[in-house]
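Let's take a walk through this fold together. Have a look at the sequence and the model first, and then we'll go through the parts one by one.

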Amino acid sequence: MSKKRIVILFHEKQERPAKFVIHHLAKYWRDDGHEVEYLIGCNEFVPADIIIVHVDLSIVPDMYLEFARKYPIALNGKLNNICKSHVSSNLLGPNDTWKGKVIIKSNYNFYGSPEQKLKQTDAREKLPGVSQLRKVVRRFEKLWFPVDQAKNYTVYDSLKQIPKRWFSYNDVVIEKFLPEYDNNLYHLHIVQVLGQRFKCTKMSSDKAIIKAHNSINTMEVEPHPIIHKWREFYNLDYGKIDYVMHDENPVLLDINKTIGATSGYRESDQLNETRKFLAMGLYDYFNDKKNIQFNL
């Protein structure tokens, strides 16, 4: 394979690229002799063979997707919205007749933290005084109070227990609580994908809301074939998908196109092997992108 130039596009006010998995994948591309360049913002066009849109916002501004269309190949160039209100098929309203348990979540990826930080950064740039800045930060904290509460992913026994005001917030969603529960444990499937390569990890916990820090065990498994349809429908070229199997039916929980590298996992040979395996998936696009099949 001839050497390629790879461009990774970040938001103009993006925090450290090193905090994302993509930064670690880029190491393997560089080791193979390819040139990798980070673009912070889209004010300057840098010629390249491929661009990866890596804007850490749940809704990607149109200007970034338009910029990506200048390149021969654009990964995640058509994925503009990963809000729960956009990808979930289990949303509930105040007048629904659902009788089971319900869960409150942030509508935005990672509790809307990237959006909140962006708003606060804009405020800092506009206001010179420290006292004024503190007032603005407190005001944003007040506005984002529902998101702070949704960080806990609170589960309620019924829809009637949800305060009516929660249905008016754009920052949160109320969903049917459809867990995967087996052998006295809850389970979560996490699929990382790039090109034709994928890794699916099944994480188990005695907690209903599964996180890396409360997991009891993890194991690599085959993902459900519906992953292919979800990827195609949402135009996910690179990222991860979280889902559960509820009553033997796959339930999509979350789509993430900017995977964080600080997810609670320690650096290990196994983790590095997984990253290297995924990184090689980029080379699928250098052959014939039109012929790529994501059949699992």
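Two strands count as paired here if DSSP finds at least two bridges between them. The helices (H or I, at least four residues) and strands (E, at least two) are DSSP runs, numbered from the N terminus. This is a predicted model, where local features need pLDDT of at least 70 and side-chain atom pairs count only at pLDDT 80 or more, while totals for chains, interfaces and linings use all residues. Residues are numbered from 1 along each chain as its sequence is written, and side-chain values use heavy atoms, with hydrogens and water left out.

**A three-stranded sheet**

With that in hand, here is an open sheet of three antiparallel strands, in the order β6-β5-β7. Its edge strands, β6 (155-156) and β7 (172-176), each pair on one side only. β5 (residues 102-106) runs antiparallel to β6, and two bridges join them. One of the partners to look for is Val155 in β6, which is bridged to Ile103.

**Salt bridges**

A salt bridge here is a side-chain nitrogen of Lys or Arg within 4 Å of a carboxyl oxygen of Asp or Glu.

| Pair | N to O distance |
|---|---|
| Lys105 and Glu175 | 2.8 Å |
| Lys199 and Glu220 | 3.3 Å |
| Asp242 and Lys240 | 2.9 Å |

What does the bridge between Lys105 and Glu175 tie together? Lys105 sits in strand β5 and Glu175 in strand β7, so the pair links parts that are 70 residues apart in sequence. To talk about burial we need cut-offs: buried means under 20% relative accessible area, exposed over 50%, and partly exposed in between (1.4 Å probe, protein chains only). Lys105 is buried at 7%, and Glu175 is buried too, at 4%. Lys199 also counts as buried, at 19%, whereas Glu220 is exposed at 51%. As for Asp242 and Lys240, both are buried.

Contact means heavy atoms within 4.5 Å.

In α1, the buried residues are Val21, Ile22, Leu25, Ala26, Tyr28 and Trp29. Looking down the axis of α1, they fall within an arc of 155 degrees (taken from the directions from the helix axis to the C-beta atoms), so they line one face of the helix. Among the elements covering them are β9 (185-194), β12 and α8 (269-279).

Now zoom in on Ile51, which lies in strand β3 (residues 50-53). Is Ile51 buried or exposed? Ile51 is buried, with a relative accessible area of 0%. Across in β4, Ala74 stands opposite Ile51. Beyond its neighbours within four places in sequence, Ile51 has contacts that include Val7, Leu9, Phe67 and Tyr71.

Most residues other than glycine have a negative phi. Asn76, though not a glycine, has a positive phi of about 60 degrees, and Asn235 has a positive phi near 60 degrees. Asn76 is buried, with a relative accessible area of 1%, while Asn235 is partly exposed at 31%.
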